[in-house]
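Dear colleague,

Please find the structure below, handed over for your own work. My notes on it follow, and I would be grateful if you read them with the structure open.

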Amino acid sequence: MNKSRSKIRFYIYACAFLPFVLLILTGLIMLKYHTRAAGESLYLGQDGHFWLSFHKAIALITTLLILLHLFVKTNWMKNLLQFQVKGGFKISNILLFVVFSLCMLTAMSSWLLFDDPTISTLLRGIHNKIGLLLIILFVIHIWNYRKLIISQFKNV
């Protein structure tokens, strides 16, 4: 891969990193509101309604950037769909992709598809648990690629 293409990939990954970290942080804040705190109670000077709106906006931005991240990895996605993924981190990468997809689907379903509060609450509970697993897998993903990230950072 040529150097300019490598730099473009690095910038895409770097741009996707910060919103994903914000998504994780706002998701952890939302756990407080989903489990015990009233939506009107304040956390870091904002109420639960603000944090939910912020979490949703960051989720949209993050999803678009992750899709761009996966678009750059077109061959990997093609291999994934054909069950031919190779590489040292294939299991954790596949698991990250599946868990991210499930996390996104449960969130969007509870926000957009179901008016029934019981179903929405159930989906949010599932989303919360999948989200915690996603955080763990994201940390593993960053750890797995730390040497590559550091070398790309030095090259840019």
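At what angle do α4 and α5 pack, and how far apart are their axes? In this predicted model, the two helices pack at an angle of about 150 degrees, and their axes lie 8 Å apart. Since angles over 145 degrees count as roughly antiparallel, α4 is therefore roughly antiparallel to α5. The crossing of α4 and α5 is left-handed. Sorted by class, the contact of α4 with α5 has 15 nonpolar, 10 polar and 1 charged residues.

For orientation, I turn to the chain as a whole. The protein chain contains 6 helices and 2 strands, and along the sequence these elements follow the pattern α-β-β-α-α-α-α-α. Taken along the principal axes, the C-alpha atoms of the chain fill a box of roughly 50 × 35 × 20 Å.

A further helix pair to examine is α2 with α4. Helix α2 covers residues 48-72 and helix α4 covers residues 90-113; their axes come within 12 Å and cross at roughly 140 degrees. The helices α2 and α4 are therefore oblique to each other, and their crossing is left-handed. On the α2 side, the residues that take part are Leu-52, His-55, Lys-56, Ala-59, Thr-63, Ile-66 and Leu-70, and they meet Phe-97, Phe-100, Met-104 and Trp-111 in α4. By class, this contact of α2 with α4 has 8 nonpolar, 2 polar and 1 charged residues.

The largest pocket has a volume of about 1,100 Å³. Its lining consists of 37 residues, and those nearest the centre of the pocket are Tyr-13, His-69, Lys-73, His-141 and Tyr-145. Two or more lining residues come from each of α1 (3-35), α2, α3 (74-81), α4, α5 (117-144) and α6 (146-155). Helix α1 gives the largest share of this lining, with 8 residues. By class, the lining of the largest pocket has 23 nonpolar, 9 polar and 5 charged residues.

The second largest pocket holds about 460 Å³ of space. It is lined by 29 residues, of which Leu-23, His-55, Ala-59, Cys-103 and His-127 are the closest to its centre. Helices α1, α2, α4 and α5 each supply at least two residues of this lining. The lining of the second largest pocket divides into 19 nonpolar, 8 polar and 2 charged residues.

Two residues link these sections. His-55 and Ala-59 of α2 take part in the contact with α4, and His-55 and Ala-59 are also among the residues closest to the centre of the second largest pocket.

With kind regards

Conventions. Residues are numbered from 1 along each chain as its sequence is written. This is a predicted model: local features need pLDDT of at least 70, side-chain atom pairs count only at pLDDT 80 or more; totals for chains, interfaces and linings use all residues. Side-chain values use heavy atoms; hydrogens and water are left out. Axes are lines fitted to C-alpha atoms, for helices over the stretch in contact, and angles run from 0 to 180 degrees between N-to-C directions. Helices (H or I, at least four residues) and strands (E, at least two) are DSSP runs, numbered from the N terminus. Angles under 35 degrees count as roughly parallel, over 145 as roughly antiparallel, 65 to 115 as roughly perpendicular and the rest as oblique. A crossing is left-handed if the near helix is turned anticlockwise from the far one by less than a right angle, and right-handed if clockwise. Contact means heavy atoms within 4.5 Å. Ala, Val, Leu, Ile, Met, Phe, Trp, Tyr, Cys and Pro count as nonpolar, Asp, Glu, Lys and Arg as charged, and the others, Gly among them, as polar. On a 1 Å grid over the protein atoms alone, a cavity is a set of points where a 1.4 Å probe fits but cannot get out, and a pocket is an open set with protein on both sides within 12 Å along at least five of seven lines; lining residues have an atom within 4 Å of a point. Grid points are joined across faces, edges and corners, and a volume is the space filled by probe spheres set on the points.
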